[in-house]
Amino acid sequence: MVRIGLFLGFLLVPVLEIWFLIQVGSVIGGWQTVALLIADSLVGAWLVRREGRRAWAALRGAVESGRMPDRELADGAMIVAGGTLLMTPGFLSDVFGFFLILPFTRPIARRWLSWFLGRRVRSLAARSPYAPLFGQVEPDPAATGRARSGRGDGSRGRVVRGEVIEEDPLSTPGDNRSH
């Protein structure tokens with residue numbers, strides 16, 4: 001399914017970009033369209049530089065504070081992807097590039113990307129030859145009142161509290177020696 005989507009994307013997106021450029025050029029003129037594309041690229045380069053610096057500072061702050069920089073890494077990846085789209089000539093790719101770069105639209109893009117990648121990883125893990133080894137994942141063992149058995153096969157066990165008592169073969173019953 002993803003392969004078909006990529007194929008159609010690489011086939012249709014350039015055709016749509018060219019068609020849209022022709023439409024804009026017929027309305028505002030050829031030189032104005034080229035000037036608009038150049039201005040769009042310059043604004044995009046400035047925005048990528050500004051947001052890239054912010055993302056880098058946020059990444060450094062997260063690492064220095066000792067927390068996992070997952071949001072910062074995702075922001076950095078989206079800024080790079082958005083910058084690539086902005087440097088590509090065409091108005092449609094620029095719209096998507098700005099969507100990935102602008103600080104008020106990036107959280108929406110991050111949620112969509114997280115949803116898509118999470119779904120993709122679960123799909124790939126389910127088709128993995130190692131999927132049966134891990135069994136069905138439960139939400140939280142503490143919430144369900146069950147704990148892992150530790151056998152690694154995904155089976156569940158019950159915890160029984162108790163005390164282990166070993167008998168000393170040299171002692172006789174009734175002997176109250178302590179060990």
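Guide: Welcome! Residues are numbered from 1 along each chain as its sequence is written, and side-chain values use heavy atoms, with hydrogens and water left out. As this is a predicted model, local features need pLDDT of at least 70, side-chain atom pairs count only at pLDDT 80 or more, and totals for chains, interfaces and linings use all residues.

Visitor: Why is glycine 82 called buried?

Guide: Buried means under 20% relative accessible area (1.4 Å probe, protein chains only). Glycine 82 has 0%, so glycine 82 is buried. Glycine 82 lies in helix 3 (residues 70–87); helices are DSSP runs of H or I with at least four residues, numbered from the N terminus.

Visitor: What is glycine 82 in contact with, leaving aside its neighbours within four places in sequence?

Guide: Gly97, Leu100 and Ile101, where contact means heavy atoms within 4.5 Å.

Visitor: How do you know that aspartate 40 has no salt bridge?

Guide: A salt bridge needs a side-chain nitrogen of Lys or Arg within 4 Å of a carboxyl oxygen of Asp or Glu. For the buried aspartate 40, the nearest side chain of opposite charge, arginine 50, is 14 Å away. Aspartate 40 sits in helix 2 (residues 30–65).

Visitor: What makes helix 1 and helix 4 roughly perpendicular?

Guide: Roughly perpendicular covers 65 to 115 degrees. The axes, lines fitted to C-alpha atoms over the stretch in contact, cross at roughly 105° and come within 7 Å. The two helices are therefore roughly perpendicular to each other. Their contact includes Phe20 of helix 1 and Phe91 of helix 4.

Key: Buried < 20%, exposed > 50% of the residue type's maximum accessible area, 1.4 Å probe, protein only. Lys, Arg positive; Asp, Glu negative; His and termini not counted. Axes fitted to C-alpha atoms, helices over the stretch in contact; angles between N-to-C directions. Parallel < 35°, antiparallel > 145°, perpendicular 65-115°, else oblique.
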